[in-house]
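User: I'm new to this one. Can you walk me through how to read it?

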Amino acid sequence: MTTPLADLTRRPIAPRDAAALSELLNAIEVVDVFGEYYSEEDAAEQINAPLLDLGRGTVGVFDGDRMAGYSSAAHKAHADDVHRVTVSGGVHPEYRRRGLGAELLAAGIASARALHAIHHPGLPLAVQTQNNALNDGALACYRAAGMTPVRWYSQLRHPLGAAVADVPVPGGLVLEGYSADNDADFLAVGDEAALDRWGGAPTPPQQWRALLGWQAFRPDLSFLLRAADGGEAAAMLLTYSWEADTEATGLRDAHLMRIGTRRAHRGRGAAGALISHALRAARDAGFDRASIEVDTDGPTGPRGLYERAGFTVARTEVRYTLDL
């Protein structure tokens, strides 16, 4: 028997909810197909994100110990012209079509307003969310809340094997693997590259440390290009792989999580060389495929770069925004 919505418990998400959140996210994946599966440890990393304000920014809806739905609003530590607060959320398939999704979206927007008032009250606020382009129910919910589509993101996959192209490192640059010694260079390159992306912003140090602390981080498949004379770092690539995905699909996926090139080194093939090297390293390490999310409307048309490297589109996601 389905529990009436009025009898469900609403409260902020807490660290103790990691198991319930992972079960909810995996149930959502079966229907909505994001290509993402979660272990309890993965969910705990999301809950314990250093900039996530659990008390002000999250709502969990519970049916006893079971999480029926959630909403999470994440503010930006750095914002220049617009403060973009990202709202995430979802409803368990067994609790859908009863208005809970609209309730949680409204809660996320309210959380975004509260966080904005604390962190960047002098800037315009934009609330953004993203979902599978085929999820008609979620997209209808966004439109009903007054949100409009602003960006489209391609989820790309690469089969590895013989499909990996051999792209040489540009002259004057040398390749380095990730280490504690060049960690600051990875961050500096990534931050400069992010400024040229839509909605991009520098990564706060505490968020960077948390990102590299995830169990999924693969330092052995993460690389940096530097000027051959030991000078400026030119480009970087970070790779992640989630065991929960492997257990669910039977495939080991190397996800190219972050790629960036400094402005002074663009147009010389640095990104193509990094991608080629990372794909070869993943193949040689026994991975079955690679993946990446690409902003289709990016200013430099990056999807062409990945298609030339052998990636193909697996699905499309749409980002919706509400300007307040």
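User: At what angle do the axes of helix α1 and helix α2 cross?

Analyst: A quick note to start: this is a predicted model, where local features need pLDDT of at least 70, side-chain atom pairs count only at pLDDT 80 or more, and totals for chains, interfaces and linings use all residues. Residues are numbered from 1 along each chain as its sequence is written, and side-chain values use heavy atoms, with hydrogens and water left out.

Now the general idea: two packed helices are described by the angle between their axes and the distance between the axes. Here, helix α1 (residues 18–32) and helix α2 (residues 40–47) cross at roughly 105 degrees, and their axes come within 8 Å. That's why α1 counts as roughly perpendicular to α2 (65 to 115 degrees).

User: Which residues in α1 and α2 meet?

Analyst: From α1 you have Ala18, Ala19, Leu21 and Ser22, and they meet Glu40, Ala43, Ala44 and Ile47 of α2 (contact means heavy atoms within 4.5 Å). By class, this contact has six nonpolar, one polar and one charged residues.

User: What about helix α6 and helix α7: how far apart are their axes?

Analyst: The axes of α6 (residues 183–194) and α7 (residues 205–213) are 12 Å apart, and the helices pack at an angle of about 115 degrees. So α6 is roughly perpendicular to α7. In their contact, Asp183, Phe186 and Leu187 of α6 meet Trp208, Arg209 and Leu212 of α7. Those residues split into four nonpolar, no polar and two charged.

User: How much space lies in the second largest pocket?

Analyst: Rolling a probe the size of a water molecule over the atoms shows where empty space is left. In this model, the second largest pocket holds about 290 Å³. It is lined by 14 residues, and the closest to its centre are Asp80, Asp81, Val82, Gly199 and Gly200. A pocket here is an open set of points on a 1 Å grid over the protein atoms alone, where a 1.4 Å probe fits, with protein on both sides within 12 Å along at least five of seven lines; lining residues have an atom within 4 Å of a point.

Terms used:
Points joined across faces, edges and corners; volume = space filled by probe spheres on them. Axes fitted to C-alpha atoms, helices over the stretch in contact; angles between N-to-C directions. Helix = DSSP H or I, 4+ residues; strand = E, 2+ residues; numbered from the N terminus. Parallel < 35°, antiparallel > 145°, perpendicular 65-115°, else oblique. Nonpolar A, V, L, I, M, F, W, Y, C, P; charged D, E, K, R; others polar.
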